[in-house]
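This briefing goes through one protein model by topic. Please keep the sequence and the structure at hand while reading.

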Amino acid sequence: RRLISRIDKDFEKAVELVYACKGRVVDTGMGKAGIIGQKISATLSSTGTPSLWLHSAEAIHGDIGRVRKEDIVIIISNSGETEEILKLIPQIKKIGTKLIAITGNKKSGLAKNSDAFLDVSIKEEACPLGLAPMASTTSMLAMGDALCAALMDKRKFKKSDFAFLHPGGNLGKQLLLKVEDIMRKASGYPIVRESRKVKE
């Protein structure tokens, strides 16, 4: 609930940056934040915003070549000071790509170098030791989903658009499958006369 007040001008700016993006949204992060980034990337892709996941450590060992100027990079990091992240930022700047930060530390190098900063700070982790990312990753995920939902609304993304991107599985069946797709027609019906015996 505390995140509600953080849907602010920076959030609006992040939505506008992604909406105007001519390339793809490249999500990156390390550790648990990186896993949240993978989910955000997958949700963006499945709701009308082309996106790919980029491992931060691999990025500084050559995979940064996947990023183009017309892309948008979203970096997710609770501390905003992770070594791999800080090494990646100058390369992103050299490419000329806009940067959105999802971080819990507004004073971090990540936040200070971003074009839009989404504040996901928490009071404390849910972990009994106060160490493992639990509340922080939940906060990141909620903010990422809010971004995706806002973009869906802005794009006027419809059920038919969703169906096009989800042809498989249960969702695909619910949205795309029609009776005529699976019903038998004409010669497909097994027909017998009343006079036939069961054995025949």
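**A buried aspartate, the sheet and its helices**

Asp71 is buried, with a relative accessible area of 3%. The model is a predicted one, and Asp71 sits in its loop between helix 3 (56–59) and strand 3.

**Asp71**

- The side chain of Asp71 comes to 2.8 Å from the backbone nitrogen of Arg68.
- Residues up to four places away in sequence aside, Asp71 touches Cys21, Gly23, Arg24, Val26, Arg66, Thr97 and Lys98.

- An open sheet is built from five strands in the order 2-1-3-4-5, with parallel pairing.
- Its edges are strand 2 (51–55) and strand 5 (116–119), each of which pairs on one side only.
- On average, and with direction ignored, neighbouring strands of the sheet are turned by 20 degrees against each other.
- Strand 4 (residues 98–103) and strand 5 run parallel and are joined by four bridges.
- Thr103 has Asp119 of strand 5 as its bridge partner.

**Helix 2**

- Helix 2 (residues 31–46) lies across strand 1 (25–29), strand 2, strand 3 (72–77) and strand 4. The angle between helix 2 and strand 2 is about 165 degrees.
- The 16 residues of helix 2 reach 23 Å from the first C-alpha to the last, close to the 22 Å expected at 1.5 Å a residue.
- The buried residues in helix 2 are Ala33, Gly34, Ile36, Gly37, Ile40, Ser41, Thr43, Leu44 and Ser46.
- These buried residues of helix 2 pack against strand 1, strand 2, strand 3 and strand 4, and also against helix 6 (135–155) and helix 7 (159–165).
- Just after helix 2 comes Gly48, with a positive phi of about 100 degrees.

**Helix 4**

- Helix 4 (residues 83–95) lies across strand 1, strand 3 and strand 4, and runs at about 165 degrees to strand 3.
- Buried in helix 4 are Ile85, Leu88, Ile89 and Ile92.
- The cover over these buried residues of helix 4 includes strand 1, helix 3, strand 3, strand 4 and helix 5 (109–112).
- Gly96 follows helix 4 and has a positive phi, near 95 degrees.

- The side chain of Ser51 reaches the backbone oxygen of Val25 at 2.8 Å.
- Beyond its neighbours within four places in sequence, Ser51 contacts Arg24, Val25, Asp27, Ser41, Leu44 and Ser45. Among these, Ser41 and Leu44 are buried residues of helix 2.

**Salt bridges**

- Seven salt bridges are found in a search of the whole structure; three of them are described here.
- Arg6 and Asp119 form a salt bridge, with 3.7 Å between the closest N and O atoms. Arg6 lies in the segment before helix 1 (9–20) and Asp119 in strand 5, so this pair ties together parts 113 residues apart in sequence.
- Arg6 is buried, at a relative accessible area of 15%. Its partner Asp119 is also the bridge partner of Thr103.
- Glu16 and Lys154 meet through their side chains in a salt bridge, at 3.2 Å from N to O. Glu16 is in helix 1 and Lys154 in helix 6, so that distant parts of the chain, 138 residues apart, are linked.
- Glu16 is partly exposed, with a relative accessible area of 41%, and Lys154 counts as partly exposed at 30% relative accessibility.
- Lys39 forms a salt bridge with Asp145, where the closest N and O atoms are 2.6 Å apart. Since Lys39 lies in helix 2 and Asp145 in helix 6, the pair ties together parts that are 106 residues apart in sequence.
- Lys39 is partly exposed at a relative accessible area of 34%, and Asp145 is partly exposed at 29%.

Methods
Residues numbered from 1 in each chain as written. Predicted model: local features only at pLDDT ≥ 70, side-chain atom pairs only at ≥ 80, totals over all residues. Heavy atoms only, no water. Pairing = 2+ DSSP bridges. Helix = DSSP H or I, 4+ residues; strand = E, 2+ residues; numbered from the N terminus. Axes fitted to C-alpha atoms, helices over the stretch in contact; angles between N-to-C directions. Contact = heavy atoms within 4.5 Å. Buried < 20%, exposed > 50% of the residue type's maximum accessible area, 1.4 Å probe, protein only. Polar contact = N/O pair within 3.5 Å; in protein donor to acceptor, adjacent residues only side chain to side chain. Expected span 1.5 Å × (residues − 1). Salt bridge = Lys/Arg side-chain N within 4 Å of Asp/Glu carboxyl O.
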